[in-house]
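Work through these exercises with the model open. Try each task before reading its solution.

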Amino acid sequence: MKRYFLLLLLAVFAAPISQAQSTCSTYYPLEDGASLQYTNYDRKGREDGQINYNVTNVETSGDNVSATMMMEMVDKKGNTYASDYEIACDGNVVKIDFKSLMNEQMLSQMGDVEMDISGTDVELPNSLSVGQELPDANMELKMKMGGAINMNTNVETINRKVEKQESVTTPAGTFDCYVIYSETKTKMMMANKTFPSRTWLAEGVGMVKQESYNKNGKLMGSMVLTQYSK
């Protein structure tokens, strides 16, 4: 279970960053009832589970929009892990509050675990252009399990840059996308790893594809938009 909580956190850092169809937005429909389904694939192209997102509790005040993203992860064995987190669109930037993952629903799935999360929110500007550099993000997770075992995890998303524009086709359709490169650095106990990735982001839809690589640039896994409705 602890492993899947960490995967959920990583899913938020890689998540489709949502924006409303208003003066606050360009990417991804932040509308009540909007839903997206992503299928995960391993490095050999085999299905490795799904992640489902549903938008709820959308509130608008002038140019500011906030909502709740319901997230459900289903592994290849059919086990389900769920959580939700808050999203806010403030003028020209959308922010994901990953700290809001620490809700009663998630804690109830974790058992006897105490957690503390700190860091900076994930941000995506309203306007993208090729060559543009995007803000870094970081998260520090401190876990105390069973009252005795302590585990600290640090996740950083760095070197975020808009590489190019490209058309991509998935089971959900064909989309004109910006391709965003980034590197995710994880530090857990004595292990340090860096995972380069690319995200294909389409206006009005959000993330339609993501690929993760090892340090040598070889594909390790991917996430593809397979269903979409609003």
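## Exercise 1: A residue in strand 4

Ala88 lies in strand 4, which covers residues 80–90. This is a predicted model.

**Task.** Determine whether Ala88 is buried, partly exposed or exposed, and list what Ala88 touches beyond four places in sequence.

**Solution.** 
1. Take the relative accessibility of Ala88, which is 35%.
2. Compare with the cut-offs: buried is under 20% and exposed is over 50%.
3. The value falls in between, so Ala88 counts as partly exposed.
4. Now list the contacts. Ala88 meets Val65, Ser66, Val93, Val94 and Lys95.
5. Check Ser66 by C-alpha distance. Ser66 and Ala88 are 22 residues apart along the chain, yet their C-alpha atoms are separated by 4.3 Å.

## Exercise 2: A threonine in strand 1

**Solution.** 
1. Widen the view to contacts beyond four places in sequence. Thr39 touches Glu47, Gly49 and Gln50, and also Ser222, Met223, Val224 and Thr226.

## Exercise 3: Rings

**Task.** How many aromatic pairs does the structure hold? Classify the geometry of the rings of Tyr38 and Tyr53.

**Solution.** 
1. The structure has 1 aromatic pair.
2. The ring centres of Tyr38 and Tyr53 are 5.7 Å apart, and the planes meet at 85°.
3. Planes over 60 degrees apart count as edge-to-face, so this pair is edge-to-face.
4. Tyr38 is in strand 1 and Tyr53 is in strand 2 (residues 47–61), so the pair ties together parts 15 residues apart in sequence.
5. Both tyrosines, Tyr38 and Tyr53, are buried.
6. Look at another ring. Lys209 lies over the face of Trp200, 4.6 Å from the ring centre.

## Exercise 4: Two loop residues

**Task.** Locate Arg43 and Gly131, then classify the exposure of Arg43 and of Gly131.

**Solution.** 
1. Arg43 is in the loop between strand 1 and strand 2.
2. At 56% relative accessible area, Arg43 is exposed.
3. Beyond four places in sequence, Arg43 touches Leu219, Met220 and Gly221.
4. Gly131 is in the loop between strand 7 (122–125) and strand 8 (137–145).
5. At 40% relative accessible area, Gly131 is partly exposed.
6. Gly131 contacts Lys161 and Val162, leaving aside neighbours within four places in sequence.

## Exercise 5: The whole chain

**Task.** Summarise the fold content, and decide which part of residues 16–22 to read in detail, given their pLDDT.

**Solution.** 
1. Count the elements: 2 helices and 13 strands.
2. Of the 230 residues, 50% count as buried.
3. The accessible surface is about 11,200 Å², with 45% of it on carbon and sulfur atoms.
4. The mean pLDDT is 79, and 77% of residues reach 70 or more.
5. Over residues 16–22, pLDDT stays under 50, although the model has 40 contacts there beyond four places in sequence.
6. Where pLDDT is low, the predicted coordinates should not be read in detail.

Definitions and conventions: Residues numbered from 1 in each chain as written. Predicted model: local features only at pLDDT ≥ 70, side-chain atom pairs only at ≥ 80, totals over all residues. Heavy atoms only, no water. Helix = DSSP H or I, 4+ residues; strand = E, 2+ residues; numbered from the N terminus. Buried < 20%, exposed > 50% of the residue type's maximum accessible area, 1.4 Å probe, protein only. Areas by Shrake-Rupley, 256 points an atom, 1.4 Å probe, with all protein chains shown as cover. Contact = heavy atoms within 4.5 Å. pLDDT = per-residue confidence, 0-100. Phe/Tyr/Trp six-rings, centres within 6.5 Å; stacked < 30°, edge-to-face > 60°. Lys NZ or Arg CZ within 6 Å of the ring centre and 35° of its normal.
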